[in-house]
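Here is a short briefing on one protein model. Please look at the sequence and the fold before reading on.

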Amino acid sequence: MVNPKACIVALSFLAAILAVAPAVQAADQAYSLSPKVKDTYSAITAQPAVKKGLDFIKADHNGTVAEQKQINSIPSPPFKEQKRAADYLKRLSASGLTNVAMDKEGNVCGTMQGTGKRPKLLVAAHMDTVFPEGTNLALTEKNGVLHAPGIADNARGLASLLGVVRAFRIAGIKPVGDIMFCGNVGEEGLGDLRGVKALFRDNKDIDGFIAIDGTEAEGIVYLATGSHRYEVTYKGPGGHSFQRFGLPSAIHAMGRAIARIADLETPKKPKTTFTVGTVKGGTSVNSIAAEASMLMDMRSDSETELLAFEAKFLDIVKKAAAEENTRWGSDKITVDIKLVGNRPAGTQPSDAVIVQTSWAATNAVGLSPKLKGASSTDTNQPLSLGIPAVTLASGGTEQGNHSVSESWDPANAWLGPQRIFLAIIGLAGMDGVSAPLLPKR
Ligand SMILES: [Zn+2]
């Protein structure tokens, strides 16, 4: 998902250049592959080494799931991914990648050197979870289904990435372009994509990106829903509820704002949504509240709609402070509005080479590809920069993600890493067999 330190200027610019994203497309949509993509996949899938890699991934299923459980047992709350990152760094080293290191932001990456260096492909799975410190991560297993917060999102993605790296080594496949494999920080919530933002800031030579996230092995995410998040804090004088009655209240001011926000209307298409996610404030039942704050999430598949909604929201939160002051003839209520999340929306044509390649790779493992509607993932960042990117899932079936009742069914889960393995070979090229489909930027 997305990150927090962006600026309004950039947003206005994006609004001007971004088109409205299409709605979810039907699974049986007509889709045609270019002769180049078709030929590439005919050549790749005929290779014994590729067959060997695919067989290995399937045979390695239990090993991958075991690693997934180990990774998930290490807590990785937002902004506190360090322990999991240190562990993942060791796993990347053990997988045989070179230049394995942690960057300043906390991402851990290693390189699989290609025979021709470019194009450079980044493949990453996010290490952070939405779960705060102290969440019980104990795993239970019922009828083969694994239950634990984070077991799918994104311990599965992290384990799949390692399985794919192992498959390259076992099969002896040399890519043409360099491939950077990373566990990245800051995808969820207020992490605000800080991990991928740093990766694309510090590695200007990345030509394309695959994020490993989600579990639906036939889905292809290629459009990015934008989101803005705000922390709004009302402050006032505070005082005894009886003795100081007549002073304005921070909570009452915020209540006024929430009531109005709740009545706002947004278009169904392009999908535009909002919620006040958390509220806090006040000190006791018999105190006029001196402080109240809320976190607000707004999203849209269209940057234009997002900005239009944001303008209404900002107007409401300011007016609510003024109204509370007017009610009590005061000027003591103030409002502090902080942008804490800014994930840019981004789009690319549904027939972009990276989308076609993902489609061909999905077909090649025997699944029916499905172009998904826009969503918010690590791909928002590269897509907003015009860099080809897709989010491909890691297999199996997740339920209840982002809740403590999260579960993951491992049935046929190897199809996830198998497809990612094939997509990487297509994009980065295979020495002596196929040229990279991903263009060098
Ligand atoms: Zn995720």
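How many bridges join E4 to strand E5 (residues 145–147)? Three do, and the two strands run antiparallel. The model is predicted: local features need pLDDT of at least 70, side-chain atom pairs count only at pLDDT 80 or more, and totals for chains, interfaces and linings use all residues. Residues are numbered from 1 along each chain as its sequence is written.

**Terms**
- Strands (E, at least two residues) are DSSP runs, numbered from the N terminus.
- Two strands pair if DSSP finds at least two bridges between them.

**Open sheet**
- Four strands make up an open sheet, ordered E4-E5-E18-E17, with antiparallel pairing.
- Strand E4 (140–142) and strand E17 (397–399) are the edges, each pairing on one side only.
- Direction ignored, neighbouring strands of this sheet are turned by 25° against each other on average; the axes are lines fitted to C-alpha atoms.
- Lys142 stands opposite Val145 in E5.

**Hairpin**
- E1 and E2 form a hairpin, with five residues between them.
- In the turn, Gly106 has a positive phi of about 110°.
- Three bridges join E1 to strand E2 (residues 108–112), and the strands run antiparallel.
- Met102 has Val108 in E2 as its bridge partner.
- Strand E1 (residues 98–102) lies largely in the open, because zero of its five residues are buried (20 or more other C-beta atoms within 10 Å of a residue's own, with C-beta atoms placed from the backbone).

**Domains**
- The protein is divided into domain 1 (8–224 + 345–428) and domain 2 (226–343), with bounds from an automatic or database domain assignment.
- The C-alpha centres of domain 1 and domain 2 lie 36 Å apart.

Technical notes:
A residue is buried if 20 or more other C-beta atoms lie within 10 Å of its own, exposed if 12 or fewer, and partly exposed in between; C-beta atoms are placed from the backbone. Axes are lines fitted to C-alpha atoms, for helices over the stretch in contact, and angles run from 0 to 180 degrees between N-to-C directions.
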